[in-house]
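Welcome! Let's take a short tour of a protein model, looking at how some of its pieces pack and pair.

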Amino acid sequence: MIQVNEPLIGEKELQYVTECLKTGWISSAGKFIKEFEEKWAAYCGMKYGVAVSNGTTALQIAIGCLDLEPGDEVIMPTFTIISCALAVIYSGGKPVLVDSDPRTWTIDVSRVEDKVTSRTRAIMPVHIYGHPCDMKPIQELAGKYKLVIIEDAAEAHGAEYKGRKCGGLGDISCFSFYANKIITTGEGGMVLTNNEEYDERAKSLRNLCFRNDRRFYHTELGSNFRLTNLQAAIGIAQLERIDELVEKKRWIGHSYNEKLKDIPWLILPIEESWAKNVYWMYGIVLDENMGMDAKGFARRLLEHGVDTRPFFLGMHEQPVFHEMGLFRDEHYPVTEQIARQGLYLPSGLTLTEDQIDEIAKRIKEILTK
Ligand SMILES: *Cc1c(COP(=O)(O)O)cnc(C)c1O
């Protein structure tokens, strides 16, 4: 069976983690945390990094930096992971949804301005499956309406928009280092910013809102969202070879493109002229006229030993939000179509050319017989 993902862990990871264990720095103090924060921020072109427990808590902290009033709105794509909407809801705000661009599957920037109201506080672009959002129109709208940009770059380590790294294009950015992300710490995340106030606020929210002036005296509700030195040690080792990892992802993407391009019924991922796509996961969409949906296709692929994962289901189609009275009568046709017809193929860093050949062969058999 060809797995959807396998992490690539090497000797350096083992060496640095061993160092933590041998020296006793196993919790959330220790040299690797600070080093990881500084190096990851520098890699993305940001000033400050705040390492946190995962990508979901990174988003919660980013939204926490905004001090939303109840009913304040944050614009985001409906085609994303639930973490984005949760962060806003937990802060008392309201997610406002936008459909996807049919080419890149990221937020359709032409539909954002219609959603801006007097309550809008922020826009959250999410770089989907390794392809950046079209940031310039978003930056222009943010300027025009005084909105904060919170980038969710959890799927876009090393991806670029007009030569600049994703995660360095907004006011605050969020990363995940979950095991299937391009660099991993097992579980982990980071918040990046150039803004000193956001940096301080993020550090406080991460650590129970302790105050610098008086320990154990609290004026706000915080959480424990800390990363451990053990995890940061893995992150440092991964970061040392990020160029190689990103190149491998791009090689996987290009190889699939080449081997799948002549197979009918398939819509393949693209790379806009202004983008560097890192193909975090290699997603494909089946033409609706083929008469098979992604679920049926995934079942057939599994019978042939190829594991896949379905695309996101739009936030507006989530029962939990309908029960809360959210998004009930909303429809987003592009997202609904790609959610039904899309899946991603094995994309792990250990994938070989023989495996890609095998997968392409199986897909061809299923779709042309
Ligand atoms: C993975 C992911 C997250 C959540 O990260 P976790 O570390 O799993 O909490 C958030 N946003 C996007 C776009 C992701 O892909």
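At roughly what angle do the axes of helix H3 and helix H4 cross? This is a predicted model, and in it the axes of H3 (residues 55–64) and H4 (residues 82–90) cross at roughly 40 degrees, coming within 8 Å. The two helices are therefore oblique to each other, and their crossing is right-handed. On the H3 side, the contact is made by Thr56, Leu59, Gln60 and Ile63, while H4 brings in Ser83, Cys84, Ala87, Val88 and Tyr90. Of these contact residues, six are nonpolar, three are polar and none is charged.

Charges do turn up elsewhere. Side chains of opposite charge can pair when their charged atoms come close. Across the whole structure, a search finds 26 salt bridges, including these:

| Salt bridge | N to O distance |
|---|---|
| Glu35 and Lys39 | 2.8 Å |
| Lys136 and Glu140 | 3.3 Å |
| Glu288 and Arg340 | 3.0 Å |

Glu35 and Lys39 sit four residues apart in helix H2 (residues 31–44), about one turn of the helix. Lys136 and Glu140 are likewise four residues apart, in helix H5 (residues 135–145).

Finally, a network of salt bridges links Asp67, Arg201 and Glu220.

Note on methods: Residues are numbered from 1 along each chain as its sequence is written. This is a predicted model: local features need pLDDT of at least 70, side-chain atom pairs count only at pLDDT 80 or more; totals for chains, interfaces and linings use all residues. Side-chain values use heavy atoms; hydrogens and water are left out. Axes are lines fitted to C-alpha atoms, for helices over the stretch in contact, and angles run from 0 to 180 degrees between N-to-C directions. Angles under 35 degrees count as roughly parallel, over 145 as roughly antiparallel, 65 to 115 as roughly perpendicular and the rest as oblique. A crossing is left-handed if the near helix is turned anticlockwise from the far one by less than a right angle, and right-handed if clockwise. Contact means heavy atoms within 4.5 Å. Ala, Val, Leu, Ile, Met, Phe, Trp, Tyr, Cys and Pro count as nonpolar, Asp, Glu, Lys and Arg as charged, and the others, Gly among them, as polar. A salt bridge is a side-chain nitrogen of Lys or Arg within 4 Å of a carboxyl oxygen of Asp or Glu.
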